[in-house]
Amino acid sequence: MEGLEEKLRGLSLARRSLPEDATYLLDVALQPAGLLAVSCSNFSVHLHNKDSLNLVGEYRGHSGPLCGVVFSHASPDFLYSGSADGTVRGWDVRRPGTEAAQVFRSDPSHTYCSVDLSCSDALLCAGTEQVNEEDSFLVFWDVRKPGGGLLGVYSESHSDDITHVSFHPREKDRLASCSTDGLVNVFDLSRGAEDEALLATCNSDSSAGAVRWCGADYTQLLCLSHDEGLHLWDLGQLDTDEPLTVFSTRDARGLALLADGGGVDYLVGGGWLEEAQKLLVVGGKNSGELHLMECTGGGLRLLRTLEGGHASTVRCYLWDAAGEALVTGGEDAQLLLWKPGGEELAAGKRKSMKSESALSLKSRPHKKHGYQREKKEARENAA
């Protein structure tokens, strides 16, 4: 079997999608049957064919910034999207452009900034921004119940915006969450009450932006911080005297990772590649270059650099194992498909939107309490 490095070494740009809207592409999810769902900064969700990148549908039901998209595992025609408008919406991708088939809400004060679905498709979880400068909540719904199926909330484990929630790929009741309070928490939801369910807490010592399950048995956690820190912890060591930390750097930008001795400008994300049994971390340069790296206990190691695609910051990526392809999306509004031996059909590199766009989004850091504060200011100005 061809190794990961050989596969990545053969990648080249195969397809380029150039939407007319001036929008950032923030998150991307894969439906194995052939669709990509992309959340955009104009509050819409785009559906693309995963091979051609042709736009095949769009949803515009949200009225606030999106915080993520995730397909159902057992019913892949169903897609969920979370938003700062205080809703998580379920869409039937066989009927693009229609109203949401399901709408999940909790308290009117809740503004969601993260969302995920359990591997059993039973539980939906969203993390909120901090409410009234005091509390932040993990909100849970049973998606099988009509009328929203709100089960309850956890409110004591985080003290600031919950920026990412991630269900375990194999254990339906295992959940990890991270927050701008710097904490990464692991829960066993089968235990019920929050204080009983909390299994472990790791401290990133910085504002945490993403957490991913990884490792051969998915017993490790990868955490990325908003100031480009990276932490890899082994939860299998919880009941031993061995340290949890496998590798940690407070600022990946300071590591000499590239061929010229320089470093990346930012981290896009990371994820476990099951077939290769490798942890892939993607970093980038502000000019649009992408750098694919392996993360181990020994640190980060550059595997492949991709050039000639994006013109500015890349915000999301995914690895399609079945298609042996990489999909990337960025602030230049481009969705790109990289494949072994790919030859791009669309000519021309899209210009960066940064100089011409009226978008006020920050390029990397989580905007702390941003949407709640904007709504409050708008109400005060209107009064």
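**Entry 1: Val56**

Val56 belongs to strand E5. Is Val56 buried, exposed or partly exposed? I looked up a relative accessible area of 44% for Val56, so I put it down as partly exposed, because buried would need a value under 20% and exposed one over 50%. I also checked Val56 against Gly97: they are 41 residues apart in sequence, and their C-alpha atoms lie 9.8 Å apart in space.

**Entry 2: the sheet that holds E5**

Next I looked up the sheet. I have an open sheet of 4 strands, in the order E2-E3-E4-E5, with antiparallel pairing. Which are the edge strands? They are strand E2 (25-31) and strand E5 (55-59), each of which pairs on one side only.

I then took the E2 and E3 pair by itself. Strand E3 covers residues 35-40 and is joined to E2 by 6 bridges, the two running antiparallel. In this pair I find Gln31 opposite Leu35 of E3. As a reminder to myself, strands of a sheet pair through backbone hydrogen bonds, in parallel or antiparallel fashion.

**Entry 3: aromatic pairs**

I searched the whole structure for aromatic pairs and got 7. One of them is Tyr80 with Phe104, a tilted pair at 6.2 Å centre to centre and 50° between the planes. Where do the two residues sit? Tyr80 is in strand E7 (residues 78-83) and Phe104 in strand E9 (residues 102-104), 24 residues apart, and the pair links distant parts of the chain. For Tyr80 I have a relative accessible area of 4%, which makes it buried. Phe104 also counts as buried, at 0%.

I wrote down a second pair, Phe140 with Tyr154. This one is edge-to-face, with 5.1 Å centre to centre and 70° between the planes. It too links distant parts of the chain: Phe140 lies in strand E12 (residues 138-142) and Tyr154 in strand E13 (residues 150-154), 14 residues apart. Both Phe140 and Tyr154 are buried.

I also looked for rings joined into a group. Ring pairs link Phe78, Tyr80, Phe104, Tyr112 and Trp141 into a cluster.

**Entry 4: the chain as a whole**

I then took the totals. The chain has 3 helices and 28 strands. How much of the chain counts as buried? I have 54% of its 383 residues. Of the contacts between residues at least 6 apart in sequence, 47% join residues at least 24 apart. The chain exposes about 16,400 Å², and carbon and sulfur atoms supply 45% of that area.

**Entry 5: confidence**

Last, I checked the pLDDT. The chain averages 90, and 89% of the residues score at least 70. Where is the pLDDT below 50? That is the case over residues 346-366, a stretch with 57 contacts in the model beyond near neighbours in sequence. Where pLDDT is low, predicted coordinates should not be read in detail.

Conventions:
Residues are numbered from 1 along each chain as its sequence is written. This is a predicted model: local features need pLDDT of at least 70, side-chain atom pairs count only at pLDDT 80 or more; totals for chains, interfaces and linings use all residues. Side-chain values use heavy atoms; hydrogens and water are left out. Buried means under 20% relative accessible area, exposed over 50%, partly exposed in between (1.4 Å probe, protein chains only). Contact means heavy atoms within 4.5 Å. Accessible areas come from the Shrake-Rupley method with a 1.4 Å probe; for residues, only the protein chains shown count as cover. Rings of Phe, Tyr and Trp (its six-membered ring) pair if their centres lie within 6.5 Å; planes under 30 degrees apart count as stacked, over 60 as edge-to-face and the rest as tilted. Two strands pair if DSSP finds at least two bridges between them. pLDDT is the predictor's confidence in each residue, from 0 to 100.
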